[in-house]
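The following note sets out a colleague's reading of the model shown below.

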Amino acid sequence: MSHPHHPHGQHPGGHPGSHGHGDNPETIKETYARIKDDTSGKTAAEYMKNMKNQLRLVFWETTVGCNLECIHCRRLDVSTTLARDDMSTKEAFDFVDAVAETGKPILVLSGGEPLFRPDIFDIARYAVSKGLNVALATNGTLVDDITATKIVDAGIARVSISFDGADAKTHDDFRKIPGSFERSIAGFKRLKNLGMSMQINCTIAKHNVDQIDDLYQLALQLGADALHIFMLVPVGCGVQIADDQMLHPRKYEEVLNHFYDLSKEARIQTKATCAPHYFRIMRERAKEEGITISPKTHGMAAMTKGCLAGTGVCFVSHKGEVFPCGYLPVEAGHVRKQKFVDIWNDSPVFKKLRDPELLEGKCGECEYKKVCEGCRARAFYDTGNYLAEEPYCIYEPKLMRTGNKQ
């Protein structure tokens, strides 16, 4: 594949975590524990703004190898060929050192299927030894009893397992392997029984949009710590199913409002990812309810914002290319050629993404641009310009409604 990608719905961590007081790094869990009873929302808002552009989340495509043949993704023979370009163990360790030098982000070991890498547990242990909070994104089908124990023993803090539906038929039809749903469920339970923090991810598209409540119930029944939904991005793997599966923008809005309603139950951590509109909706709804957004009222969602590409998050491909996120195929640097810390601090691509005043179209005029920013990957897909307006947003900015354009 020429494009980077997150396997749809496979990135754990979700809520980025990094800095606390001054230069003393802390994870978002530590930050949240410190401010969770704050009702003013001021500390959370400052954390959300991330004015110093501290690195909070790194998604690393450790390999493109995978054991599934999902309809939106690479075939097995193609992924096996591409896997020859995966970083070596030494390169992987060097990259971990580079990440630790840059900050204290959550390091998400993703793929492909990261469990395809025979050295994945060595990499995880090494990253933990460097003080990084390590998460694993897996499809769950390879998690037998031995593998589950290895994952826990490696010091991995959270595992996400992706589901493409709330039932076997929906999931297996998408994955193209009968029985994959039950194998993922079994893998989930094995890890949960060993005390692992577990997360369910699901990319919402036409084939499963009516199953959100069922997915929520599944997460509760399995004892998941978090449910993250991802809105399909038509870039990379998503291009192949975009025409059939992309939701209409109005349906998109409806789904995010419903997910907000579910979040208010506070029975589980919920996060809408690749769905920057959610953070505008959250503020609209909170205003209607007369509620100040704070960790006390909205949990970790009060501490993050919409599109984080290149501002607190980046994606590193199996070959070492650095991108703003897994869906925005605009290269910001290459770890086999440059120092990662220099890429993060000085990349012209990242610098543009860090300035909301550069946003164009209605995103540039929107009063919510600093908490939403629109999906830069969807803008890129639609126009070839990652600073263009978000094409799947129905919201009309106040300046456009009143005609008081500046």
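**Notes on the predicted model**

1. His-277 belongs to helix H12, which covers residues 277-289; helices here are DSSP runs of H or I with at least four residues, strands are E runs of at least two, and both are numbered from the N terminus. The structure is a predicted model, in which local features need pLDDT of at least 70 and side-chain atom pairs count only at pLDDT 80 or more, while totals for chains, interfaces and linings use all residues. Residues are numbered from 1 along each chain as its sequence is written, and side-chain values use heavy atoms, with hydrogens and water left out.

2. His-277 has a relative accessible area of 1% and is therefore buried (buried means under 20% relative accessible area, exposed over 50%, and partly exposed in between, with a 1.4 Å probe and protein chains only). Leaving out residues up to four places away in sequence, His-277 touches Tyr-252, Glu-253, Leu-256, Cys-372, Glu-390, Tyr-392 and Cys-393, where contact means heavy atoms within 4.5 Å.

3. On confidence, the mean pLDDT of the protein chain is 87, and 86% of its residues reach 70 or more; pLDDT is the predictor's confidence in each residue, from 0 to 100. Over residues 1-11 the pLDDT is below 50, and this stretch has 64 contacts in the model beyond near neighbours in sequence. Residues 13-23 also have pLDDT below 50, with 47 contacts beyond near neighbours in sequence. Where pLDDT is low, the predicted coordinates should not be read in detail.

4. Which residues of helix H5 are buried? In this helix (residues 120-129) they are Ile-120, Phe-121, Ile-123, Ala-124 and Ala-127. Viewed down the axis of H5, the buried residues fall within an arc of 155°, so they line one face of the helix; the arc is that of the directions from the helix axis to the C-beta atoms. The buried residues of H5 pack against strands E1 (57-61), E2 (106-110) and E3 (133-138), and against helices H4 (89-102) and H6 (145-153). After H5 comes Gly-131, whose phi is positive, near 90°.

5. The count of aromatic pairs comes to 9. In the pair Tyr-278 and Phe-279, the ring centres are 5.5 Å apart and the planes stand at 85°, so the arrangement is edge-to-face. The rule takes rings of Phe, Tyr and Trp (its six-membered ring) as paired if their centres lie within 6.5 Å, with planes under 30 degrees apart counted as stacked, over 60 as edge-to-face and the rest as tilted. Both Tyr-278 and Phe-279 are buried, and together with Phe-259 and Tyr-260 they form one aromatic cluster.

6. Two charges over rings deserve mention. Arg-56 lies over the face of Tyr-47, 3.6 Å from the ring centre. The charged end of Arg-354 sits over the ring of Trp-344, at 4.4 Å from its centre. The criterion is NZ of Lys or CZ of Arg within 6 Å of the ring centre and within 35 degrees of the ring normal.

7. The structure holds 22 salt bridges, each being a side-chain nitrogen of Lys or Arg within 4 Å of a carboxyl oxygen of Asp or Glu. Lys-90 and Asp-94 form one of them (2.9 Å, N to O). Both residues lie in helix H4, 4 residues apart, about one turn of the helix. Lys-90 counts as exposed because its relative accessibility is 60%, whereas Asp-94, at 39%, is partly exposed.

8. Another salt bridge joins Asp-261 and Arg-285 (2.5 Å, N to O). This pair links distant parts of the chain, with Asp-261 in helix H11 (residues 249-263) and Arg-285 in helix H12, 24 residues apart. Asp-261 is partly exposed at 35% relative accessibility, while Arg-285 is buried at 15%.

9. Helix H11 also contains His-258, which is partly exposed at 29% relative accessibility. Its contacts, leaving aside neighbours within four places in sequence, are Ile-212 and Asp-213. His-258 and Ile-212 are 46 residues apart in sequence and 8.9 Å apart in space, C-alpha to C-alpha.
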